[in-house]
Amino acid sequence: MRGRHASPTEVATDPEAFERFYRRHIDVVTRYVARRVDDPHLVADLVADVFVAVIDSAHTYRADRGTEVEWLHGVARNTLAAYRRREARQRRLERRIAGRRLLDTDDVSRLEARIDAERSARRLLAAMAGLPPSERAVLELVVIDELTVGEAAAVLGIRQNTARVRLHRARRSLRGDPDAGLTVAVEGLR
């Protein structure tokens with residue numbers, strides 16, 4: 001079996017077949033990519049990507065539609081087109097942020113301080129995840145966002161008494177939480 005040519009349909013499941021296929025076609029793929037790309041590192045990366053795509057799409061090869069070299073050129077063409085789309089998308093993103101000030105050390109320090117200051121709120125939100133959505137919504141607005149019960153009711157489009165009942169249920173559910181800071185936060189806003 002050593003001398004037998006591996007067909008594209010075999011390369012996905014048989015490592016020896018893939019090696020034979022790779023050795024037979026590496027020059028064709030490298031020439032194809034090198035004609036279109038002038039960076040040797042990028043050529044090597046794209047050739048590797050083509051053969052990964054060959055493994056992924058080996059099941060699509062049909063001998064009655066053309067030779068395996070023609071199919072391989074199609075795979076290489078699609079791989080190169082996908083790379084160019086990614087690069088174009090990256091350039092668009094870079095243009096969008098061009099001229100904008102990036103974060104300096106003071107900005108990062110302020111953000112870190114804010115993140116630290118909100119640690120207890122994050123713990124509370126995690127504990128609240130198990131509550132029914134209607135109770136969680138009221139508790140979030142009152143405890144995390146520091147709205148009054150009346151304001152929370154208005155935001156949610158419910159009556160104030162309904163908001164109070166939901167708040168009471170949510171607090172009762174969370175009282176048993178072993179996190180002491182959570183108990184203070186929930187109990188502290190009556």
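This is a predicted model: local features need pLDDT of at least 70, side-chain atom pairs count only at pLDDT 80 or more; totals for chains, interfaces and linings use all residues.
Let's start with helix α5, residues 119-128, and helix α6, residues 133-144. Their axes come within 11 Å and cross at roughly 170°. That's over the 145 cut-off, so α5 and α6 are roughly antiparallel to each other. The crossing of α5 past α6 is right-handed. Who's touching whom? On the α5 side we've got A121, L124, L125 and M128, and they meet R136, L139, E140, V143 and I144 of α6. Sort those contact residues by class and you get seven nonpolar, two charged and no polar.

Now, which residues of α5 are buried? Those are A121, L124 and M128. Around the axis they cover an arc of only 60°, so they sit on the same side of α5. If you want the background, an α-helix has 3.6 residues a turn, so residues three or four places apart point the same way.

Next pair: helix α7, residues 149-156, with helix α8, residues 160-174. Here the axes come within 8 Å, and the crossing angle is roughly 105°. Anything from 65 to 115 degrees counts as roughly perpendicular, so that's what α7 is to α8. The α7 side of the contact is V149, G150 and A153, while α8 brings in Q160, A163, R164 and L167. By class, this contact has four nonpolar residues, two polar and one charged.

Notes. Residues are numbered from 1 along each chain as its sequence is written. Side-chain values use heavy atoms; hydrogens and water are left out. Axes are lines fitted to C-alpha atoms, for helices over the stretch in contact, and angles run from 0 to 180 degrees between N-to-C directions. Helices (H or I, at least four residues) and strands (E, at least two) are DSSP runs, numbered from the N terminus. Angles under 35 degrees count as roughly parallel, over 145 as roughly antiparallel, 65 to 115 as roughly perpendicular and the rest as oblique. Contact means heavy atoms within 4.5 Å. Ala, Val, Leu, Ile, Met, Phe, Trp, Tyr, Cys and Pro count as nonpolar, Asp, Glu, Lys and Arg as charged, and the others, Gly among them, as polar. Buried means under 20% relative accessible area, exposed over 50%, partly exposed in between (1.4 Å probe, protein chains only). The arc is that of the directions from the helix axis to the C-beta atoms. A crossing is left-handed if the near helix is turned anticlockwise from the far one by less than a right angle, and right-handed if clockwise.
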